[in-house]
Amino acid sequence: MALRLKQKMMVLPVVASVFLVAIVAVTVGLGTRTRAASDRIGFSLAPSVSQAQTARAGFAALHQDVGDAVALHAVQRQTLEAQVTELTTGLKALRGMKDVDVARVEALQEAFTGYWQEASKVVSLAAQNSAGADEALAKLAPAHKTVHDGLEAVTAQQEAAQREAFTEMESLHGTTLTWVLLLSVACIAALAALTVWLLREVTLPLARLTETATRIARDGDLTQPIDTSAQDEVGELARSIETLMKRLRSVPGTLHSVVTELTAAAARLNTASHEQLNFLTNQSRSLTEASSTIAEIAQTSGMAASRAEMVLKVAAQADAFSSSGQVSIERSAEGLQQIRQRVGALVGSIGHLSEQAVHAGEIIGSVKDLADQSNVLALNAAIEAARAGEEGRGFAVVAKEMRALSGQSLQSTQRIGKILLEINQAIRQTVSIAEGDSQKMEEGIEQVLASATTLKDITQVVQESSQAARQIVASVTQQNAGITQMTEVVTQLSEMMSDVVMATSNAEEAVGQINTSLGKLQELSTSFRV
């Protein structure tokens, strides 16, 4: 069964923990036994050996004092009894210690008791300076030998037990060191083997994957082989990186083709945008020029309208003057019946009036021609007004002719007024003369009536001219309104064209930014090796 990465990473600490537990267990177990042996030596064997050696030394001193008492006849019984008491107490203490042969100590106590009984008799004899003290001392030798041998045996036994305990403790200590050393070596070997295993199973594959990822990030090399044989997380990571590399291998080609298509499209868009910008710039320039031209046409049309209004006013005045002249002539015709006496003097004035009437006929012809030309010019002005959206120069010519005709109409009207004034003066003179000349009254009346008819025709012509002037003013006014609307439309178109030009410029800048981004994408697409 393949181990996972987490399980592999847990093997090393688990093995180290097992060996550490084993080392601790061995150390604790053998240390406990070593401590027990040490406690036995320190609390049992060492005191018993010391006590046995003390008892042996005390017994030797006691027997020496007994011998001295016999030899020197200097008996110190209290000292001997104190020594005996001390020895008895020591033997009792030795009998109560652990790791001591109780039976042997009891036998030793009985032997010491027998010895002291015999020694007490020897001391008593020595105190009495009896000759049997030496003999009693000689008989005390077997008892002394028994106690001495017993003490020697107990001491030797305890010393041997102590040596065995020391030997056991040293053996346990050596065993502990051996086991700890063996387990430590085994632990180090196992950890080294596991380290090599982890290095081969985890560290080296991760290092190779890291190197592969680094080369991909640094050099864009997507042709590197990847080992995917591992069945743990490292193998899954390697397979994932291999899948990622397979997908990334298709990215540069696709990205390169897309960048190529986008670059071509951006180039076409840039060309079209540049051409459109040039076209819109020309259109904006044309609209600006058209706006200026229309503004000039509007100004000229306004001047023409003002001049037409002046012509209309003059025509109205002429019409009023003609009407008042006709009324005056009619009144004069009625008054001719009353001034028959003065018809004679009126003949001369009538002749002069006849000449002025001729001049008035000429003026009437001029006015009629002016009316005809005004009609034609009005028609031309209407035509040019319809064409003003494309070409506005023709209307300027019409406007110029209209101003000239307006001037001619004004002059003709002034001349008509002057002539009418002279006619009026002549009529007054004729009336004054007609009072003295009644014979030529009928001829004068007929001439006056003829003059009245002619003046009526002149009045009709003037009225027709005034009507034509009104129509011209109305046409010019409509044309002026149309030109004003056209000026507003052209202004709006110019503003819209400016916005379109600005938007096209922004689009061209955006295309430039797209080209820059495409260049970066091109560099990115060529940075990978597949």
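The model is predicted. Its secondary structure comprises nine helices and zero strands, and buried residues account for 33% of the 530 residues in the chain.

**Overall fold**
- Along the sequence, the elements follow the pattern α-α-α-α-α-α-α-α-α.
- Of the contacts between residues at least 6 apart in sequence, 86% join residues at least 24 apart.

**Largest nonpolar core**
- The largest nonpolar core holds 29 residues, and the members that touch the most others are L62, V66, F112, Y115 and V147.
- Two or more residues of this core come from each of α1 (5-72), α2 (77-96), α3 (102-127), α4 (132-139) and α5 (141-219).
- The greatest contribution is that of α3, which gives 10 residues to this core.
- Beyond residues up to four places away in sequence, V147 touches F59, L108, A111, F112 and Y115.
- As a general background, nonpolar side chains tend to be buried together in soluble globular proteins.

**Packing of α2 against α3**
- Two packed helices are described by the angle between their axes and the distance between the axes.
- The axes of α2 and α3 come within 10 Å and cross at roughly 175°.
- Because angles over 145 degrees count as roughly antiparallel, α2 is roughly antiparallel to α3.
- On the α2 side, the residues that meet α3 are R77, L80, E81, V84, L87, T88, L91, K92, L94 and R95.
- On the α3 side, the residues that meet α2 are V102, V105, E106, L108, Q109, F112, W116, S120, V123 and S124.

**Helix α5**
- Helix α5 has 79 residues and reaches 110 Å from its first C-alpha to its last.
- This span is close to the 117 Å expected at 1.5 Å a residue.
- A kink of about 45° occurs in α5, centred on L199.

- Apart from neighbours within four places in sequence, H144 is in contact with F59, H63 and Y115.
- F59 and Y115 are also touched by V147.

Conventions
Residues are numbered from 1 along each chain as its sequence is written. This is a predicted model: local features need pLDDT of at least 70, side-chain atom pairs count only at pLDDT 80 or more; totals for chains, interfaces and linings use all residues. Side-chain values use heavy atoms; hydrogens and water are left out. A nonpolar core is a set of buried Ala, Val, Leu, Ile, Met, Phe, Trp, Tyr and Cys residues joined through side-chain atoms within 4.5 Å. Buried means under 20% relative accessible area, exposed over 50%, partly exposed in between (1.4 Å probe, protein chains only). Helices (H or I, at least four residues) and strands (E, at least two) are DSSP runs, numbered from the N terminus. Contact means heavy atoms within 4.5 Å. The expected span of a helix is 1.5 Å times one less than its number of residues. The bend at a residue is the angle between axes fitted to the seven residues ending there and the seven starting there. Axes are lines fitted to C-alpha atoms, for helices over the stretch in contact, and angles run from 0 to 180 degrees between N-to-C directions. Angles under 35 degrees count as roughly parallel, over 145 as roughly antiparallel, 65 to 115 as roughly perpendicular and the rest as oblique.
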